[in-house]
Amino acid sequence: MKYCKPLRHVRLSDVPSVGGKNASVGEMLHYLTHMGINIPDGFALTTDAFWQFLIVNNIRKSLEQELSRLDVRELSNLADVGMRCRSLVAHGAVQPEYGSTQQESLRLPNEIWNEARLMYDEMFIDPVASVAVRSSASAEDLPDASFAGQHDSFLNVRGHKDLHDAIIMCYISLFNDRAIKYRIDNGIEHMNVGMSVGVQRMVRADVGSAGVAFTIDPETGFSNVVYITSCWGLGESIVQGAVNPDEFYVYKTKAYQDRQTQALNERHEKEQGGFFPVIRKRVGSKENMSVGMRDVFSITDSDVQTLTDWCLKIESHYMMPMDVEFAKDGITQELFVVQARPETVQSRQRHLSFKEYKLKTKPEPICKGKAVGHSIASGTVRIVRSLADAPKVKKGDVIVADITNPDWNALLTKAICIVTNKGGRTSHASIVARELGIHAVVGTGNATERLSDGQLITVSCIEGDEGFVYDGLVKWDETDINFRNVPETIVKPMLILADPDKAFHLSFYPSAGVGLLRMEFIISNSIAIHPMALARFDDVPDGAEKVSIEALTRHYAEKKEFFVDQLSQSLATVAAAFHPRPVIVRMSDFKTNEYALLIGGKYFEPTEENPMLGFRGASRYYNERYREGFALECAAVRRVRNEWGFDNVKAMIPFCRTVDEGRQVLETMKQFGLVRGEQGLEVYVMVEIPSNVILAKEFAEIFDGFSIGSNDLTQLTLGIDRDSSIISNLFDESNNAVKSLLASAIKQAKEAGKPIGLCGQAPSDHPEFAQFLVEQGIGSISFTADALLKGIQNISQAESKSWKKSLKEKLPSSLVGVLGSESLQPLLLLSAEHE
């Protein structure tokens, strides 16, 4: 046939004749179906058919004339030019009002329509077979221009008449206002773009489910996860942002990462999919469904595994991060990949520089949702319900809407950021925000109700997964972060982390891993319920707190599983972000007054006069008051390490007062399935009590490493309550008594052959303190993210002074004089590393 091609005969090289979307589907049909990937078959009308349609109907020259008068700078007449072009394609002449019936619609030339009808009848035997009719422009779904959502597609098309009309509507959509503007923005000549049309078997997702998957985190560019969103019904709901979908983050296992290196030679061989850990999943509100269906995941665990395997095979074939659309047939329960295109935003980033932000104050937010982007801005609210509201939007305004629409693309370029009621990270608002380089808060649920036109607000997407909207102008500090010239050091710089939602972003920082992951902050922010209130739910009195626990755990058959699942997801997110770099997880270290603030906590915590020195840390883990809670902590760590394979996770015990207590904790962990040394598990202990230093040699016999908690060690050495403002001036980590203990701890750890590090701000705030630690031989120093670069600089300067001093001691002065000390630095660094 001259104008139609079966998709199975199409390849990527056929983009000029069948467009990017059809070429990709054909490529997958040919190369990937034998790997077990289901792809709906069909055919494509070529771009030759489109050009012939223009020629036979004598409208090409008229289209060129209309487009030539477009104000490409201000786009002041975009709506008029777009309407006139669409009218030409629909009717062969400009109608007074597009879509009017004053003139008959244009038809496909007989030679084209006869081919299309014949191929439809041959491929879809049922005369009223349901098909999807998709636009596929020759400049679409390319690595440098996605055109996602710019052209129209039509689902559940049945019969010859509807097929014909859908093809014409695809042609018309080439001249959508948004598509015209997109071509201008990307420097693409309008009449150099041809429109192909794909006709595929319809997957009955309307009675099933559908979604979008990225083989890269679309927010941060972290490449070792597959991000999947899904909802009940057609995938349009997700793309349009009409629902807040279900979310899944799936880790690309090491086996897959290793085989990427062989992709060139083996990418067409069928591979068996393994188990992929789902490190995070969230049930979306899915507003388009009945209440009962909203709380149910729209795809199964098995579907997630299958989709991940398929996505990785697609990524391996294309050798680039991909954006994959899928559908699940509600009648046959079969999964299908319906299209795949290159991811075009994060895959271009080099992640060598960032802007970091910090709020000077943090008021209560008016509303919150999912953060898209990493930025903050203040602006005036403009509530937009349709394009009729466009005139009121000025450059630098905050567009607030229920959902956004592809027809708004020109309008959205004026926005400093976007806020929506509905939608997830793969919605239209999110995609456009990324392409425009602005941030957005999507899925707030109530932004159009809580905000009003003309209101000044601050929109923050700097606090991890959640984005917040604050009333008025909230001031912030900005810092430029550049990783291009960060010096390498012998002492390992590591991170202190409390919020797993920031892990993917922080994984690009030049750290040797996470030296301190604070479990108690995860419990407080992600779980909010006291673990004993879940372990002994029946002991919680009836009342508001019991109702809250029931509501939060409603998706779980057992209350305890809520804690284990939520904690393991948070731990795994961090472990995945930094793998294979170590992640040292400190078991919970709340004090009793802090535990009591958790939901149900007051029923299980004693009241103490001095919680800082009371029932905290190691003493809780084997005590009957908390033992069952500690079992849940151990179960989460065991799942992350033993079931999901994150062997970079190490456990750390805080506030362990005696060696015997350490043995008792290790025995308790063993009873709960965490055995030191088994499957490579290492257990560290915090050095924060003078007894930890005095008996460091004995502690080294039962633990695998040490981490100095300088704050607690300082206050307990000097007898100072660090929370007391009256004597805060006496708190000094550089006090000789503290430094003496630090030096002793480091010396004993090194003699025992055990790693030792320090967690705290002092080495970044005080270069002389970093110098002291380097000279003592500290192995690592952990910093908060905002102090990391300064800390690395201080370590580097300290090491430089240290090796220069070493030169004078170890080498003849004549040799140093001849070679120069700078040229000997690599040799000394290597020597120190060897030691």
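Select Tyr120 to start: at 0% relative accessibility, Tyr120 counts as buried. Buried means under 20% relative accessible area, exposed means over 50%, and partly exposed lies in between, using a 1.4 Å probe and protein chains only.

This is a predicted model, where local features need pLDDT of at least 70, side-chain atom pairs count only at pLDDT 80 or more, and totals for chains, interfaces and linings use all residues. Residues are numbered from 1 along each chain as its sequence is written, and side-chain values use heavy atoms, with hydrogens and water left out.

**Stop 1: aromatic rings**

Phe124 counts as buried, at 9% relative accessibility. Tyr120 and Phe124 form a tilted aromatic pair, 5.7 Å centre to centre, with 50° between the planes. Rings of Phe, Tyr and Trp (its six-membered ring) pair if their centres lie within 6.5 Å; planes under 30 degrees apart count as stacked, over 60 as edge-to-face and the rest as tilted.

Now go to Phe468 and Tyr470. Their aromatic pair is stacked: 6.2 Å centre to centre, 20° between the planes. Phe468 is buried, and Tyr470 is buried too.

Next, select Phe50, Trp51, Phe53 and Tyr171. Ring pairs link these residues into a cluster. The structure holds 21 aromatic pairs.

**Stop 2: the nonpolar cores**

Select Leu571, Phe578, Phe646, Ile653 and Met669. These are the residues with the most contacts inside the largest nonpolar core, which has 111 residues. A nonpolar core is a set of buried Ala, Val, Leu, Ile, Met, Phe, Trp, Tyr and Cys residues joined through side-chain atoms within 4.5 Å. Helix α20 (residues 559-578) gives this core its largest share, 11 residues. Helices (H or I, at least four residues) and strands (E, at least two) are DSSP runs, numbered from the N terminus.

Which residues does Ile653 touch, not counting those up to four places away in sequence? Among them are Met587, Ala618, Tyr621, Val665 and Met669. Contact means heavy atoms within 4.5 Å.

Then find the second, separate core of 49 residues, which includes Cys4, Trp51, Ala116 and Phe124. In soluble globular proteins, nonpolar side chains tend to be buried together.

**Stop 3: two helix pairs**

Show α3 (60-68) and α4 (78-91). α3 and α4 pack at an angle of about 175°, with their axes 9 Å apart. That makes α3 roughly antiparallel to α4. Axes are lines fitted to C-alpha atoms, for helices over the stretch in contact, and angles run from 0 to 180 degrees between N-to-C directions. Angles under 35 degrees count as roughly parallel, over 145 as roughly antiparallel, 65 to 115 as roughly perpendicular and the rest as oblique.

Select the contact itself: Ser62, Leu63, Glu66 and Leu67 of α3, with Val81, Arg84, Cys85, Leu88 and Val89 of α4. By class, this contact has six nonpolar, one polar and two charged residues. Ala, Val, Leu, Ile, Met, Phe, Trp, Tyr, Cys and Pro count as nonpolar, Asp, Glu, Lys and Arg as charged, and the others, Gly among them, as polar.

Now show helix α1 (residues 15-31) and helix α12 (residues 301-318), which pack at an angle of about 105° with their axes 12 Å apart. α1 and α12 are therefore roughly perpendicular to each other. Ser24, Glu27, Met28 and Tyr31 of α1 meet Ile314, His317 and Tyr318 of α12. These residues divide into four nonpolar, two polar and one charged.

**Stop 4: backbone details**

Select Leu75, in the loop between α3 and α4. Phi of Leu75 is near 55°, a positive value in a residue other than glycine.

Jump to Met319, in the loop between α12 and β10 (322-328). Met319 has a positive phi of about 60°, although it is not a glycine. Is Met319 buried or partly exposed? At 46% relative accessibility, Met319 counts as partly exposed.

Pro580 sits in the loop between α20 and β23 (583-586). The peptide bond from His579 to Pro580 is cis, with omega near 10°. Most residues other than glycine have a negative phi, and most peptide bonds are trans.

**Stop 5: two buried residues**

Select Lys328 in strand β10. Lys328 is buried, with a relative accessible area of 9%. Its contacts beyond four places in sequence include Asp303, Glu334 and Arg204.

Finish at Ala787, in the loop between β28 (780-783) and α31 (788-810). Ala787 is buried, with a relative accessible area of 7%. Leaving aside neighbours within four places in sequence, Ala787 is in contact with Gln761 and Ser764. The C-alpha atoms of Ala787 and Asp765 are separated by 8.2 Å, and these residues are 22 residues apart along the chain.
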